[in-house]
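This report describes the architecture of a protein model, taking sheets, helix packing, domains and the chain interface in turn. Please consult the sequence and structure shown below.

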Amino acid sequence: MKAFTYERAADARTAVKAASANGAKYISGGTNLLDLMKLEIEHPTHLVDISRLPLKHIERTPNDGLRIEAQVSNSDLAADLHVRSHYPVLSEALVAGASGQLRNKASVGGNLLQRTRCPYFYYDGPQGCNKREPGSGCSAIDGFNRSHAILGASEACIATNPSDMAVALAALDAEIELFGRDQTRVISILDFYKVPGDTPHIETVLEPGEMITAVLLPPPPPGRQRYRKVRDRASYAFALVSVAVVVATERDTISSARVAFGGIATKPWRSLTAERALTGKPATMETYRLAADQALAGAVGRGHNDFKIELAKRTLCDTLARALEAE
Amino acid sequence: MVALNVNGHAEQLDLDPRTTLLDALREHLHLTGTKKGCDHGQCGACTVLINGRRINSCLTLAVMHEGDDIGTIEGLGSPEKLHPMQAAFVECDGFQCGYCTSGQICSAVGMLEEARSGWPSHVTANVSVTEIDLTDDEIRERMSGNVCRCAAYPNIVAAIRDVAGGAHR
């Protein structure tokens with residue numbers, strides 16, 4: 001690990017000032033950042049510890065939504081009684097991720113900013129990694145790309161976003177509250193992440209020093225919610241495919257639907273295409289399959305990950321069927 | 001100087017900011033019960049309890065834990081008076097080489113508290129239910145952050161099941 005200086009932030013304003021300096025970085029739970037610092041993929045010269053800032057509340061908002069502050073741990077969010085009864089897809093996504101120890105330490109803000117687990121990002125590849133060293137190339141495109149993205153990728157990068165939580169948040173229409181040098185702004189989670197394009201090292205719209213202070217949820221959407229994760233092990237593994245759905249029916253017709261995918265895209269992947277294909281249609285496997293085909297119409301396999309196209313379709317169909325099973 | 005509260009003792013350490021909590025415990029305080037396995041948060045051998053909650057001590061900096069109550073395997077019990085979880089691991093033969101064991105035990109102690117608090121897990125059928133029935137499937141899922149390369153898993157699950165059921169109070 002490269003040397004750095006450390007400071008514990010007294011308040012958000014001084015934290016932003018300190019983190020705006022060249023080479024400075026926030027640390028919260030540290031579970032991903034310290035891992036990357038040990039491998040010298042991340043090498044900040046100054047760490048600003050924001051883990052003790054008073055941003056640990058989960059509060060109802062006047063419009064019946066929820067405000068989740070950024071330093072709430074993944075465990076506390078998953079165990080929150082209001083989340084479990086009104087946003088169960090979020091609890092399910094959280095407990096599908098990582099391990100008990102990591103969820104206790106990892107924060108909500110940190111979860112949103114965790115880096116890809118592309119093995120060529122973590123360990124040297126023959127053709128470099130454009131995320132690690134912009135312009136060095138992508139070892140995954142012609143390499144062992146079984147875990148990689150089939151949606152949202154570019155010729156510069158096919159790495160997936162690894163978060164489970166963010167997939168549920170995408171389905172729930174979450175917004176991210178950001179506190180920066182000049183302003184506080186609120187941005188949809190769908191606009192928060194960038195697809196890689198030519199600049200895969202730029203993953204979000206965060207400006208230097210800008211801090212995630214909260215995640216805002218609108219009132220709970222109608223219908224059943226479910227998160228489904230498909231992976232190589234029964235527990236403690238990243239998704240090959242995951243799906244978050246929120247779906248409501250009226251007399252066997254789908255009245256509203258939300259669909260987001262994880263494990264197959266370069267960012268948490270909301271599928272408005274699937275939602276349009278489901279809404280107003282009978283709640284049958286035929287409808288689900290048609291929606292799945294349309295949702296994955298633009299998917300591009302790179303060889304080892306071709307299986308994800310069919311797996312994502314089947315996972316969506318099965319998740320919708322199970323969500324509506326008991327209605 | 002960093003002030004750490006380890007197993008009820010106040011400690012003052014002069015540390016490089018890079019020092020992980022795990023290295024502070026092992027190399028500076030010579031509490032070698034906490035083990036370094038992978039050093040990347042994947043194996044759970046370094047599990048300790050911070051203010052009663054289990055975490056991976058390899059993925060946190062010692063300087064970040066000023067004033068926290070840090071509990072290690074050395075603080076749970078002693079050879080003369082084992083913690084119920086330690087006694088259960090001995091009785092059920094919940095280990096072979098023993099390298100992962102202190103992490104398993106600290107993790108199990110933290111995990112039982114989480115289950116008592118009604119936290120859901122990935123195998124909890126309905127996450128809105130707050131009474132957790134600690135089945136073997138629940139124990140396995142909740143302990144998935146602790147790897148045992150000797151594969152003593154059936155006996156680890158048995159030991160935890162015994163303590164959860166009150167056999168070692």
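## Conventions

Two strands are taken to pair if DSSP finds at least two bridges between them. Helices (H or I, at least four residues) and strands (E, at least two) are DSSP runs, numbered from the N terminus.

The model is predicted: local features need pLDDT of at least 70, side-chain atom pairs count only at pLDDT 80 or more, and totals for chains, interfaces and linings use all residues. Residues are numbered from 1 along each chain as its sequence is written, and chains are lettered from A and ligands numbered from 1 in the order in which they are written.

## The sheet of chain B

In chain B, an open sheet with mixed pairing is built from five strands in the order β2-β1-β5-β3-β4. Its edge strands, which pair on one side only, are β2 (9-13) and β4 (53-56) of chain B. From one strand to the next, the twist averages 40°; for this and the other angles below, axes are lines fitted to C-alpha atoms, for helices over the stretch in contact, and angles run from 0 to 180 degrees between N-to-C directions.

Strand β1 (residues 2-6) of chain B runs parallel to strand β5 (residues 69-71) of chain B, and two bridges join them. Val6(B) has Ile70(B) in β5(B) as its bridge partner. Ile70(B) is also the bridge partner of Ile50(B), within the antiparallel pairing of β3(B) and β5(B) over two bridges. Next in the order, β3(B) and β4(B) run antiparallel and are joined by four bridges; here Val48(B) is partnered by Ile55(B) in β4(B). These two strands, β3(B) and β4(B), form a hairpin with two residues between them, and Asn51(B) in the turn has a positive phi of about 50°.

Helix α4 (residues 101-116) of chain B lies across β3 (47-50) and β4 of chain B, at about 35° to β3(B).

## Helix packing in chain B

Two packed helices are described by the angle between their axes and the distance between the axes. For helix α3 (residues 84-92) and helix α6 (residues 153-164) of chain B, the angle is about 135° and the axes are 8 Å apart. The pair α3(B) and α6(B) is therefore oblique, given that angles under 35 degrees count as roughly parallel, over 145 as roughly antiparallel, 65 to 115 as roughly perpendicular and the rest as oblique. The crossing of α3(B) past α6(B) is right-handed; a crossing is left-handed if the near helix is turned anticlockwise from the far one by less than a right angle, and right-handed if clockwise.

On the α3(B) side the residues are Pro84(B), Met85(B), Ala88(B), Phe89(B) and Cys92(B), which meet Asn155(B), Ala158(B), Ala159(B), Asp162(B) and Val163(B) in α6(B). Eight residues of this contact are nonpolar, one is polar and one is charged. In this classification Ala, Val, Leu, Ile, Met, Phe, Trp, Tyr, Cys and Pro count as nonpolar, Asp, Glu, Lys and Arg as charged, and the others, Gly among them, as polar. Residues are in contact if their C-beta atoms, placed from the backbone, lie within 7 Å.

## Domains of chain B

The domain assignment (bounds come from an automatic or database domain assignment) gives chain B a domain 1 (2-76) and a domain 2 (84-164). Their centres, taken over C-alpha atoms, are separated by 21 Å. The contact involves 16 residues from domain 1 of chain B and 15 residues from domain 2 of chain B.

On the domain 1 side, β3, β4 and α2 (73-76) of chain B each give two or more residues. The largest share, three residues, comes from β3(B). This side of domain 1 of chain B comprises seven nonpolar, six polar and three charged residues.

## The sheet of chain A

Chain A has an open sheet of five strands with antiparallel pairing, in the order β4-β5-β8-β6-β7. At the edges stand β4 (58-60) and β7 (184-188) of chain A, each with a single partner strand, so one side of each lacks a neighbour in the sheet. The twist averages 25° from one strand to the next.

Three bridges link β4(A) and strand β5 (residues 66-69) of chain A in the antiparallel sense, and Arg60(A) has Leu66(A) in β5(A) as its bridge partner. Helix α1 (residues 12-19) of chain A packs on the sheet and touches β6 (175-179) and β8 (211-217) of chain A, its direction making about 125° with that of β8(A).

## The interface between the chains

Contact between the chains involves 30 residues of chain A and 29 residues of chain B. On chain A, at least two residues each come from β1 (5-8), α2 (33-38), α3 (74-79), α4 (81-86), α5 (88-95) and α6 (100-105). The largest share of this side, five residues, is supplied by α6(A). The side of chain A that touches chain B consists of twelve nonpolar, twelve polar and six charged residues.

Notes: Two residues are in contact if their C-beta atoms, placed from the backbone, lie within 7 Å.
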